[in-house]
Protein chains: 2
Amino acid sequence: MGDALKYATRERARFQSELFDFLRIPSVSAKSEHDVDTRRAATWLAENLSRSGLDVEVLETPKHPVVLGEWRGAGADAPTVLIYGHYDVQPADPLGEWSSPPFDPEVRDGKVFARGSADDKGQIFMHVKALEAALADGRILPVNIVVLAEGEEEIGSPSLVPFVEKYKQRLAADVVVISDSAMFQEGLPSLLFSLRGLAYFELKARAAKTDLHSGAYGGAIPNPGTALARIIASFHEADGRIAIKGFYDDVLEWDDQTRAQISNLPFDEDDFRRNVEATALAGESGWSVLERLWIRPTCEVNGFLTGYTGEGAKTVLPARAMAKVSFRLVPDQRPERVRKLLQAHLAEVTPPGIELELLEHHGGLPWKSDVGGRLLEAAATALEEAFGTRPVLAGEGGSIPIVVEFERILGSPALLVGFALPGANMHAPDEWFPLEHFEKGIGALVRLYGELGKK
Amino acid sequence: MGDALKYATRERARFQSELFDFLRIPSVSAKSEHDVDTRRAATWLAENLSRSGLDVEVLETPKHPVVLGEWRGAGADAPTVLIYGHYDVQPADPLGEWSSPPFDPEVRDGKVFARGSADDKGQIFMHVKALEAALADGRILPVNIVVLAEGEEEIGSPSLVPFVEKYKQRLAADVVVISDSAMFQEGLPSLLFSLRGLAYFELKARAAKTDLHSGAYGGAIPNPGTALARIIASFHEADGRIAIKGFYDDVLEWDDQTRAQISNLPFDEDDFRRNVEATALAGESGWSVLERLWIRPTCEVNGFLTGYTGEGAKTVLPARAMAKVSFRLVPDQRPERVRKLLQAHLAEVTPPGIELELLEHHGGLPWKSDVGGRLLEAAATALEEAFGTRPVLAGEGGSIPIVVEFERILGSPALLVGFALPGANMHAPDEWFPLEHFEKGIGALVRLYGELGKK
């Protein structure tokens, strides 16, 4: 293992240069004009991974292909580690808010700025380079390795569950390792104990055929903009609780140990607020910020559009209004049940005369760690050796729906080890990743593969 | 007068062709890229009006010029009629919803479709042609005429009040005639007894510096979209009444005679709804549709924008939200007082941690007819002779703020005689005007000038 670490140190300039090449490919899975780029990212990654010594295939799905790499040199009796990541990225809009072009990596202050640097090209690529270091010069690992990199994570992974079902045998593993999240804070590595789920909806309200003059019709024809605002206002109580009947029925009451762990973490709520220049903190009363983010569900308006929103004044009575509304879910909530509760709520609160349509976008189940003490201990050791600090257990407010599916289909517990930092702008302009973490993280992963192979 | 009417009939094809030329000039006052066109519309109108026999000047204002025409051949002892209209038009967006290009007049089914055909180029031009007919071949009128056509009506007439103050002496008149509205219904001419006023605001809510990931921050940082929806929802009671404290204090209780007049009008509420393909009627309970439109105030969302509103799902926690909200006012409400009441309301309902900014766009006072019996009788006679039906008294839900200003500055009562039809799409795609009304209306106006000159 010492040789592998030395190799990684020696090759770090090349590793970084290859990372930048990878980041230059605008693999935006949501936009069909980038389909060619998304495929190019898959073949680029496959080619690079095969140079690490794995047998690699690019397997087709209905949309973007899956890159599947295998190294089974540890033998049938050794444990198998499935490494999951994704090579697709979020759209880069709004482009004007980037300090440097999103697909032209630029290093500033020890950070590489580029779309995908943190989410998730930078992190899946750390595994690729850790495997190269671990297997170069004829070295072997004590674990078998399967790498699965998909190209549809940012559009809700529509092909992945069928893929995992189909290749269930080949993907069989003792643990799934995923690096698609952030450390708890700078200098403090972490392992995730939870993820929130997601239920994402679109509401469309209609009242008339076309926009009307607000003088000639206002006061007598329903206003779908006002109606939708009233509907959205009905989703919360004044104290921040969600007002949809039955919404909290399936919300797990976490054990005192977890809540104590959370409250012991070094976290300054006011720093958190200041970092995003927010005017205030908000949310459900009775819970700390970290609890609100990790173990409590939310309902957020992600978008709202009606009428005239350009410069100046237009006296229009809108005919239509639309809003995007999503819920972050916690164990044991399920998107299907949230949809049913929402439908029942809408039936009650929709003002008379408003035609309301409810569409559902992708969702995902919440997750609570089921990882055993031995696996967690292996990861903790690897992280402590690489970063010099014992990792903490942390929750995550975002969603990685596939984690639950791996556990369900493969029966494999998941180990979530992320190397980005809070405020990495994962779905925002100026996404960044610390280059120091790129290097230390590769070291941590080389160690992790070793630790996971220990009896 | 018979000769004037014959002249108008004989020249109708040319009148129409000139109208189409006028409509072809895209005099969109709100858009600076059309400033050249707006000025061209002014000079075109001035030139045409001078051919009717008036002394015409194009007078500068800080923005778009005023066309001022005078004919004082009736002598100092005769009454003076001030004709007011505007040569600017609303923007034509959304262009894609027009059946034919907005600035290329097309006749279908006896209607001319073009931006400005009803509001107000078509109607001010009827006065221009009625004056030509009345004054051609050496004829004279029993009244002096002043024509004032402005180019800023659609942007709130910012220059007009100073202009009227400045030219108070030249504009002195016994009555102001304005044709910028619609008849009550097809075949039933009308005279207006009221206009609603307007107070138009923009609300800007902010919570953070940039948009954030709804997973990583949702539930702990305020959502300005949700907050603004809650603010807007607070503007109405469930029964449609406006919930802003003190809002109804200045609302005039109309006399029983007016309410009886309104309820006697031939009006089918369900037809009104079906004409705009609305899903239902709405509004303040306890009032008929016409009362809601004419003598009761409203609060409407004219626009709302926050977050991501494109295709698919984006898990964004918006940093900002904006809404345009306007109030239609009735006597004796005033925009300044509504602003103060709104400010007080916002101070109460704005959720903690939301930075809210209130901007004010143009507004205007409501109006209640002060026109005397003799003037009204003159107009009724002229309309009955031209259209074969005695006109009704009607209200108007829209706003023509300058009406109140003419009364205040010049002390002249206003006579509002409109020739468009309901559903003319005045601020919407496919604006139209009936060509039959263009012809009959010119006849009515020739008669009106005559009637107003009778002792």
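This is a predicted model: local features need pLDDT of at least 70, side-chain atom pairs count only at pLDDT 80 or more; totals for chains, interfaces and linings use all residues.
Asp109(B) is exposed, because 8 other C-beta atoms lie within 10 Å of its own. Residues are numbered from 1 along each chain as its sequence is written, and chains are lettered from A, with ligands numbered from 1, in the order in which they are written.

**Backbone details in the loops**

- Asp109(B) sits in the loop between strand 4 and strand 5 (111-113) of chain B; helices (H or I, at least four residues) and strands (E, at least two) are DSSP runs, numbered from the N terminus.
- The phi angle of Asp109(B) is near 60 degrees, a positive value in a residue other than glycine.
- Asp430(B) also has phi near 60 degrees, again a positive value in a residue other than glycine.
- You can find Asp430(B) in the loop between strand 17 (414-416) and strand 18 (432-434) of chain B.
- Asp430(B) counts as partly exposed, because 19 C-beta neighbours lie inside 10 Å.
- In chain A, the peptide bond from Asp93(A) to Pro94(A) is cis, with omega near -5 degrees, and Pro94(A) belongs to the loop between strand 3 (80-86) and strand 4 (106-108) of chain A.
- In chain B, the bond from Asp93(B) to Pro94(B) is cis, with omega near -5 degrees, and Pro94(B) is placed in the loop between strand 3 (80-86) and strand 4 (106-108) of chain B.

**Where the two chains meet**

- Across the two chains, 76 residues of chain A are in contact with 75 residues of chain B; two residues are in contact if their C-beta atoms, placed from the backbone, lie within 7 Å.
- Elements giving two or more residues to the chain A side include strand 9 (197-206), helix 7 (224-233) and strand 11 (298-307) of chain A.
- Strand 11 of chain A gives the most to that side, with 9 residues.
- The chain A side divides into 33 nonpolar, 28 polar and 15 charged residues; Ala, Val, Leu, Ile, Met, Phe, Trp, Tyr, Cys and Pro count as nonpolar, Asp, Glu, Lys and Arg as charged, and the others, Gly among them, as polar.
- Glu277(B) lies in the loop between helix 9 (269-275) and helix 10 (289-294) of chain B, and it is exposed, because 12 other C-beta atoms lie within 10 Å.
- Leaving aside neighbours within four places in sequence, Glu277(B) is in contact with Ala208(A) and Lys209(A).
- Within its own chain, Glu277(B) is 62 residues along from Gly215(B), and their C-alpha atoms are separated by 40 Å.

**Buried places**

- The largest nonpolar core has 106 residues, of which Ile221(A) and Ile221(B) touch the most other members; such a core is a set of buried Ala, Val, Leu, Ile, Met, Phe, Trp, Tyr and Cys residues joined through C-beta atoms within 7 Å.
- Beyond neighbours within four places in sequence, the contacts of Ile221(A) include Ala207(A) and Leu317(A), and also Val276(B) and Leu281(B).
- Thr38(B) belongs to helix 3 (residues 35-51) of chain B and is buried, because 24 other C-beta atoms lie within 10 Å.
- Among the contacts of Thr38(B), leaving aside neighbours within four places in sequence, are Ser27(B), His64(B), Asp88(B) and Gly151(B).

**Helices that cross**

- In chain A, the axes of helix 4 (residues 121-135) and helix 14 (residues 435-452) come within 8 Å and cross at roughly 55 degrees; axes are lines fitted to C-alpha atoms, for helices over the stretch in contact, and angles run from 0 to 180 degrees between N-to-C directions.
- Helix 4 of chain A is therefore oblique to helix 14 of chain A; angles under 35 degrees count as roughly parallel, over 145 as roughly antiparallel, 65 to 115 as roughly perpendicular and the rest as oblique.
- Residues of helix 4 of chain A in this contact include Met126(A) and Ala130(A), and those of helix 14 of chain A include Phe438(A) and Leu445(A).
- By class, this contact has 9 nonpolar, 3 polar and 1 charged residues.

Key. A residue is buried if 20 or more other C-beta atoms lie within 10 Å of its own, exposed if 12 or fewer, and partly exposed in between; C-beta atoms are placed from the backbone.
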